[in-house]
Amino acid sequence: YPRAGSGNGLNAFTYSVWVKRGPYTGTKYITGNYNDGSNTCMQIDVRDTGSTEIYLREDGGSSLTLCSPECLLSADRWHLLAFTYDGLNLRIYIDGIQRASTAGALTAFSTWQYPMVLLGRNVRGTVGGIFEGQVDDFKLYNHAFTPKEIAMQWYNDTGEKVCLYDPPIYD
């Protein structure tokens with residue numbers, strides 16, 4: 001599972017997971033963990049609105065929150081989700097295409113005080129928000145994939161191509 005602490009997995013990462021969210025209501029969690037106070041935490045959720053969000057916080061409370069547009073994750077279809085952070089840029093990809101991004105440098109991470117939970121989240125020792133959909137091929141890397149690597153993962157899994165670039169201005 002993802003380790004916290006400076007240089008131990010939150011400074012740069014890629015989370016990749018196939019998700020079929022199902023018909024639940026509210027917000028359910030793919031993974032998440034909170035240390036005491038306003039210190040290190042990270043969570044990834046999937047919402048009944050068809051969006052997904054990642055929240056990353058360093059010690060002292062500085063954080064990044066990134067949410068995809070709504071209606072991109074249908075309840076009855078599998079979707080490839082990928083979340084990357086390279087130490088400055090936080091990005092969300094859905095089905096091989098970047099759907100949201102933000103920037104901010106976070107570096108002051110402390111080690112986890114509570115066990116990391118998969119398919120739920122651990123908020124200071126209390127586990128909840130158990131994911132009620134289906135999950136497959138959950139992968140965690142200690143570096144940020146490039147947009148091309150995410151697109152290639154989509155292509156290798158589905159055989160479908162995605163366009164990484166906007167159409168030419170006069171196309």
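**Aromatic pairs, core, helix and a buried asparagine**

Six aromatic pairs are counted in this predicted model. One of them joins Y24 and F131 in an edge-to-face arrangement, with 5.9 Å from centre to centre and 75° between the planes. This pair links distant parts of the chain. Y24 lies in the loop between β1 and β2, and F131 in the loop between β11 (126–128) and β12, 107 residues apart. Y24 is buried, at 8% relative accessibility. F131 is likewise buried, with a relative accessible area of 8%.

The ring centres of Y141 and F145 are 4.6 Å apart; with the planes at 45°, the pair is tilted. Y141 is partly exposed, at a relative accessible area of 27%. F145 counts as buried because its relative accessibility is 13%, under the 20% cut-off. Ring pairs also join F13, Y15, Y85 and F138 into a cluster.

In soluble globular proteins, nonpolar side chains tend to be buried together. Here the largest nonpolar core holds 27 residues. Within this core, M42, V46, I54, L56 and L81 touch the most other members. Two or more residues each come from β1 (13–20), β3, β4 (52–57), β5 (63–67), β6 (79–85) and β7 (89–94). The largest contribution, four residues, is that of β1.

Helix α1 spans residues 147–158 and has 12 residues. Its first and last C-alpha atoms are 17 Å apart, close to the 16 Å expected at 1.5 Å a residue. The buried residues of α1 are I150, A151, Q153 and W154. These residues cover an arc of only 155° around the axis, so they lie on the same side of α1. K148 and N156 are exposed on the other side of α1. G159 follows α1 and has a positive phi, near 80°.

N35 sits in the loop between β2 (27–34) and β3 (41–47). N35 is buried, with a relative accessible area of 1%. Its side chain makes a polar contact with the side chain of S110, at 3.3 Å. Leaving aside residues up to four places away in sequence, N35 touches T40, C41, R57, S110, T111, W112, Q113, Y114 and R124.

Technical notes. Residues are numbered from 1 along each chain as its sequence is written. This is a predicted model: local features need pLDDT of at least 70, side-chain atom pairs count only at pLDDT 80 or more; totals for chains, interfaces and linings use all residues. Side-chain values use heavy atoms; hydrogens and water are left out. Buried means under 20% relative accessible area, exposed over 50%, partly exposed in between (1.4 Å probe, protein chains only). A polar contact is a pair of N or O atoms within 3.5 Å; within protein, one must be able to donate a hydrogen and the other to accept it, and residues adjacent in sequence count only if both atoms are side-chain atoms. Contact means heavy atoms within 4.5 Å. A nonpolar core is a set of buried Ala, Val, Leu, Ile, Met, Phe, Trp, Tyr and Cys residues joined through side-chain atoms within 4.5 Å. The expected span of a helix is 1.5 Å times one less than its number of residues. The arc is that of the directions from the helix axis to the C-beta atoms. Rings of Phe, Tyr and Trp (its six-membered ring) pair if their centres lie within 6.5 Å; planes under 30 degrees apart count as stacked, over 60 as edge-to-face and the rest as tilted.
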